Amino acid sequence: MKVLITGISRGIGAALAQYYLNQGYKVTGISRSSNPELQKNPNFSFISLDLKDIENLNEKLKLYLKDNLNFELVILNSGILGKLGDMIETSQDTITEVMNVNVWANKKIIDFIVSNSKPAQIVGISSGAAISASRGWNVYAISKAALNTMIKLYSEEFPQIHFAALAPGIVDTFMQDIISSYPEDSRFPVIKKLKQLKGTEYMPNPKSAAITIAEAIEKIKNMPSGQYYDVREI
Ligand SMILES: NC(=O)c1ccc[n+]([C@@H]2O[C@H](COP(=O)([O-])OP(=O)(O)OC[C@H]3O[C@@H](n4cnc5c(N)ncnc54)[C@H](OP(=O)(O)O)[C@@H]3O)[C@@H](O)[C@H]2O)c1
């Protein structure tokens, strides 16, 4: 089986890539920087792409993926947080950057993949923030809610492909390091909550989270397409 995963340099994407390689799958990974551990595996291939650069993404996907298609599973995992804070203080530049990486780059990748191959399953890595929209999540919450909606729309256009938006749970990654580096602020209770979870069983490391996520990806294949699922609830 061939799997395409974005955001493989670290965190959840790196752990998922390692998980699928351990299962004997061929994995193609996309991110700006590679991952030396994954590179040691002959079944891993890496494409360096900056998903912020959506203008040139289609050309680059054509260039790098035209001879390496037929993925059965596509996991759109790359994501950025932007800045925790209030919408009123958020610049248009931050909004554009977060929406480009978390939503519009995924649209370009989906368009390219479905136009040139027939994957069985496409999973967009979402977040509970899409639903909670707790104060402080800011444009990140908007981007994940938009991702959920985009996944639903594609599922209606391509009923032969199983689409899902999947929240991976709280995982101890670089993204959580960034969140924990924010000072506690009574306006944004989510910062305090996540700081408290760091180092506990409620924030597993990427390796163990990847097992839960991969099992969820297998399970949701038999559930309705186009939906938002949370690994903690299925
Ligand atoms: N960790 C959590 O608790 C949690 C909870 C809910 C949802 N999520 C979601 O899970 C996904 C993975 O998050 P993570 O926690 O593993 O974060 P992470 O450790 O920060 O990893 C993010 C990955 O995205 C890639 N990426 C970022 N900007 C990119 C760009 N411009 N072009 C290409 N790739 C880019 C990074 O690679 P490069 O920097 O090398 O490009 C990296 O491999 C994200 O979509 C996140 O929103 C995470």
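Around the ligand sit 29 residues, the closest being G7, G11, R32, G79 and T173; a residue counts as near when its C-beta atom, placed from the backbone, lies within 6 Å of the molecule. This is a predicted model, where local features need pLDDT of at least 70, side-chain atom pairs count only at pLDDT 80 or more, and totals for chains, interfaces and linings use all residues. Residues are numbered from 1 along each chain as its sequence is written.

Here is the shell by class:

| Class (residue types) | Residues in the shell |
|---|---|
| Nonpolar (Ala, Val, Leu, Ile, Met, Phe, Trp, Tyr, Cys, Pro) | 13 |
| Polar (the others, Gly among them) | 12 |
| Charged (Asp, Glu, Lys, Arg) | four |

Helices α1 and α7 (174-180) each supply at least two residues of this shell; helices are DSSP runs of H or I with at least four residues, numbered from the N terminus.

Let's look at α1 itself. Because 11 of its 12 residues are buried, α1 is largely enclosed by the rest of the structure; buried means 20 or more other C-beta atoms within 10 Å of a residue's own, with C-beta atoms placed from the backbone. After α1 comes G24, with a positive phi near 90 degrees.

L16 belongs to α1 and is buried, with 29 other C-beta atoms within 10 Å. Beyond its neighbours within four places in sequence, L16 contacts I5, I75, N77, A210, I213 and A214, a contact being two C-beta atoms, placed from the backbone, within 7 Å. L16 and A209 are 193 residues apart in sequence, yet 8.6 Å apart in space, C-alpha to C-alpha.
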